Amino acid sequence: MTRNRVLSGTTEYELIEELEQAITQALPPAWDLTAEHQPRYGGYRLDAVFRIEAPDGNRATVVAEVKMSAEPRTVLSSVEQMRHIGSTVPGDAIVVAAPFISPLARGHLADAGFGWFDLTGNMRLALDRPSVLIQRYGVDRNPFSTPADRRLKSLRGPGAARVVRTLLEIELPVGVRDLAMQAEVGAATSARVVDLLDREGLVERGAGKVISEVRRRPLVRRWTDDYGLTSSNEVERAVDPRGLAHALDELRTSEDQYIVTGSAAARAYLPADVLSVAPLTTLILYADQPRKLARNIGLRTTDRSANVLLVRPFDDALAKGSRVEDGIRYAAAPQVVADLLTGPGRSTEEAEQLMNLMAEKDPRWTE
């Protein structure tokens with residue numbers, strides 16, 4: 001057997017041993033687990049097969065498929081092959097084992113009905129009979145690296161933010177250079193970001209590497225793995241003792257530069273007959289001069305009990321596409337979604353509500 005080395009120094013064989021140990025530790029002491037390495041079934045040589053037997057005699061077979069790289073794109077392209085294996089080889093579950101499996105790749109596996117295991121502690125194995133559910137969480141970022149791999153691995157920073165924000169709204173298809181022009185970044189930055197998104201299965205590219213499709217809902221979620229409303233930007237906390245309705249009224253006549261995002265902005269995108277899933281408890285404002293804006297609309301800065309967050313954006317990309325409605329300037333809907341996904345309170349539920357409405361007009365916002 002060829003033992004391909006991976007970034008962590010672990011071999012395929014050792015990865016299977018780690019999976020066997022993890023299953024053994026998760027099962028009750030009276031249960032029995034046996035493993036067979038590289039058995040042949042028909043025309044397939046499988047990586048491993050585990051047989052689980054409960055004390056009542058119920059048995060299950062788990063097929064393990066090892067991937068030395070389990071990037072989302074790799075997982076997507078392997079799903080049909082693994083489905084064929086599952087329909088040909090007798091087994092009750094398929095588990096993909098890899099050094100690291102990202103949240104997006106785990107989502108693809110879950111959609112296909114497969115389990116997973118990686119060396120950081122992420123694991124899922126579900127069986128009906130005997131009844132087994134092993135669900136463990138490790139890390140969401142790949143801890144393994146090599147100096148030789150200089151590919152972009154993060155969407156943190158202004159360049160990535162500009163490309164992502166543009167892809168969340170741009171008309172398709174679009175080439176990498178045209179994307180760079182509209183995002184106002186260099187062509188090299190655009191190419192590196194698109195390459196990362198391609199590897200993670202978030203964009204589709206056709207002839208000439210022209211971007212033909214963007215999976216916008218997963219893309220904004222992937223961006224918020226690296227972008228956060230309060231973690232990426234400077235935040236001042238304030239309170240309007242007269243309430244948020246007063247603060248919004250003051251904004252209508254304010255001459256200061258600001259953009260409303262978060263819960264209040266989400267409401268501006270809801271149809272008149274649709275209520276928000278959560279009450280408005282916090283007003284979030286982008287402002288280049290937060291303290292000046294706070295003073296001019298009657299806010300008091302505070303370290304606690306704040307009902308207003310004044311955010312100095314780390315890049316102009318966050319203000320892109322803003323619009324005025326009823327005298328108030330609101331952030332573009334994709335930016336509102338990103339801020340809700342990383343904001344306080346029940347904002348994640350509000351983000352889902354807004355994305356569901358956006359998906360009615362643009363299917364790229366579906367799952």
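This is a predicted model: local features need pLDDT of at least 70, side-chain atom pairs count only at pLDDT 80 or more; totals for chains, interfaces and linings use all residues.
## A first pairing to look at

Val239 stands opposite Arg300, a residue of strand E15. Val239 belongs to strand E12, which covers residues 234-239, and E12 pairs with E15 (residues 300-301) in the antiparallel sense over two bridges.

E12 has another partner to find. Strand E16, residues 308-312, pairs with E12 over five bridges, and the sense is antiparallel. To see this pairing on screen, look for Arg237, which faces Leu309 of E16.

## Two crossing helices

A pair of packed helices is described by the angle between the axes and by the distance between them. For helix H4 (residues 158-167) and helix H5 (residues 176-183), the axes come within 9 Å and cross at roughly 105°. H4 is therefore roughly perpendicular to H5, since angles of 65 to 115 degrees count as roughly perpendicular.

Which residues make the contact? From H4 come Arg162, Val163, Thr166 and Leu167, while H5 supplies Leu179, Gln182 and Ala183. By type, the residues of this contact are four nonpolar, two polar and one charged.

In soluble globular proteins, nonpolar side chains tend to be buried together. The largest nonpolar core here has 72 residues, and Val260 and Leu283 touch the most other members. Helix H12 (residues 333-341) gives the most to this core, contributing six residues.

Setting aside neighbours within four places in sequence, Val260 is in contact with Leu251, Ala265, Leu283, Ile284, Leu285, Ile328, Arg329, Tyr330 and Ala331. Another core, of 25 residues, lies apart from the largest one, and its members include Trp31, Ala60, Ala64 and Val132.

## Backbone details in the loops

Most residues other than glycine have a negative phi, and most peptide bonds are trans. The bond joining Arg129 and Pro130 is a cis peptide bond, with omega about -5°, and Pro130 sits in the loop between E8 and E9. Another cis peptide bond runs from Leu172 to Pro173, where omega is near 0°. Pro173 belongs to the loop between H4 and H5, the helices described above.

Two residues show a positive phi without being glycine. Glu184 has a phi near 60° and lies in the loop between H5 and helix H6 (187-199). Lys209, with a phi of about 60°, is in the loop between strand E10 (203-205) and strand E11 (211-214). Are these residues buried or exposed? Residues over 50% relative accessible area count as exposed. Glu184 has a relative accessibility of 61%, so Glu184 counts as exposed. Lys209 reaches 54%, so Lys209 is exposed too.

## A proline at the surface

Where is Pro279? Pro279 is in the loop between helix H10 (262-269) and strand E14 (283-286). With a relative accessible area of 54%, Pro279 is exposed. Leaving out neighbours within four places in sequence, Pro279 is in contact with Arg267 and Arg346.

Pro279 and Asp178 are 101 residues apart in sequence, and their C-alpha atoms are 41 Å apart in space.

Note on methods. Residues are numbered from 1 along each chain as its sequence is written. Side-chain values use heavy atoms; hydrogens and water are left out. Two strands pair if DSSP finds at least two bridges between them. Helices (H or I, at least four residues) and strands (E, at least two) are DSSP runs, numbered from the N terminus. Axes are lines fitted to C-alpha atoms, for helices over the stretch in contact, and angles run from 0 to 180 degrees between N-to-C directions. Angles under 35 degrees count as roughly parallel, over 145 as roughly antiparallel, 65 to 115 as roughly perpendicular and the rest as oblique. Contact means heavy atoms within 4.5 Å. Ala, Val, Leu, Ile, Met, Phe, Trp, Tyr, Cys and Pro count as nonpolar, Asp, Glu, Lys and Arg as charged, and the others, Gly among them, as polar. A nonpolar core is a set of buried Ala, Val, Leu, Ile, Met, Phe, Trp, Tyr and Cys residues joined through side-chain atoms within 4.5 Å. Buried means under 20% relative accessible area, exposed over 50%, partly exposed in between (1.4 Å probe, protein chains only).
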